[in-house]
Amino acid sequence: MNKLLACVAVIGAFGLAVPAQAENGVKIGTLSCNERGGWGLVLGSARQLNCTFAHGDRVERYEGSMTRVGLDLGYQHSGTLVWAVVAPHTDEARGALAGHYAGATASATAIVGVGANALIGGLDRSIALQPVSVEGTTGLDVAAGIGAMTLRSDEG
């Protein structure tokens, strides 16, 4: 239990320490991703994602993967990650979220978990997935390190 509390404290501090990278942009919608479960591989993990981007009345679908390099111990069942999406302007083209993202990540799961993922990337590295995402997971896992995410538009 002490390890879980320590991880939650680290995640909270991580959220406060992430610079407000997105201050120069406009919130254009919400990205929700379902992350498949899997084992942490001590030095990292890779999990598949299925995502939905809601932008007003418009909905776009993406698929991709989340890779974490750093400490990752335990097993995580499938989870949900939700970000506020911030861009330079409100009229982003369809598929604009496709691309590579990178940033810091931390999570702790003991039956039910929480996490923080600060990622920047996408179209010309101008899309910010609002500094701290909400991560709902189940399992027994602790992870911290560098996160990388790749998204591909799932629309023809």
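Which residue forms a salt bridge with Glu60, and how far apart are the closest N and O atoms? The partner is Arg58, and the closest N and O atoms are 2.8 Å apart. The views below are taken from a predicted model.

**View 1. The Glu60 and Arg58 salt bridge.** A search of the whole structure finds 3 salt bridges, one of which joins Glu60 to Arg58. Glu60 is buried, with a relative accessible area of 2%. Arg58 has a relative accessible area of 22% and is partly exposed, because buried means under 20%.

**View 2. The Arg68 and Glu35 salt bridge.** Arg68 pairs with Glu35, with 3.1 Å between the closest N and O atoms. Arg68 is buried at a relative accessible area of 5%. Glu35 is also buried, with a value of 1%.

**View 3. The Arg152 and Glu63 salt bridge.** Arg152 and Glu63 form a salt bridge in which the closest N and O atoms are 3.8 Å apart. The pair links distant parts of the chain, with Arg152 in strand β8 (residues 134–153) and Glu63 in strand β4, 89 residues apart. Arg152 is partly exposed, its relative accessible area being 39%. Glu63 likewise counts as partly exposed, at 29% relative accessibility. Side chains of opposite charge can pair when their charged atoms come close.

View 4. Ser65 is part of strand β4, which spans residues 58–76. The relative accessibility of Ser65 is 19%, so this residue counts as buried, the cut-off being under 20%. Apart from neighbours within four places in sequence, Ser65 contacts Arg47, Gln48 and Leu49, as well as Ala148, Met149 and Thr150.

View 5. His55 lies in strand β3 (residues 42–55). With 18% relative accessibility, His55 counts as buried. Once neighbours within four places in sequence are set aside, the residues in contact with His55 are Ile28, Gly29 and Thr90. A polar atom of the His55 side chain lies 2.3 Å from the backbone oxygen of Ile28. Between His55 and Arg94, the C-alpha to C-alpha distance is 10.0 Å, and the two residues are 39 residues apart in sequence.

Key
Residues numbered from 1 in each chain as written. Predicted model: local features only at pLDDT ≥ 70, side-chain atom pairs only at ≥ 80, totals over all residues. Heavy atoms only, no water. Helix = DSSP H or I, 4+ residues; strand = E, 2+ residues; numbered from the N terminus. Buried < 20%, exposed > 50% of the residue type's maximum accessible area, 1.4 Å probe, protein only. Contact = heavy atoms within 4.5 Å. Polar contact = N/O pair within 3.5 Å; in protein donor to acceptor, adjacent residues only side chain to side chain. Salt bridge = Lys/Arg side-chain N within 4 Å of Asp/Glu carboxyl O.
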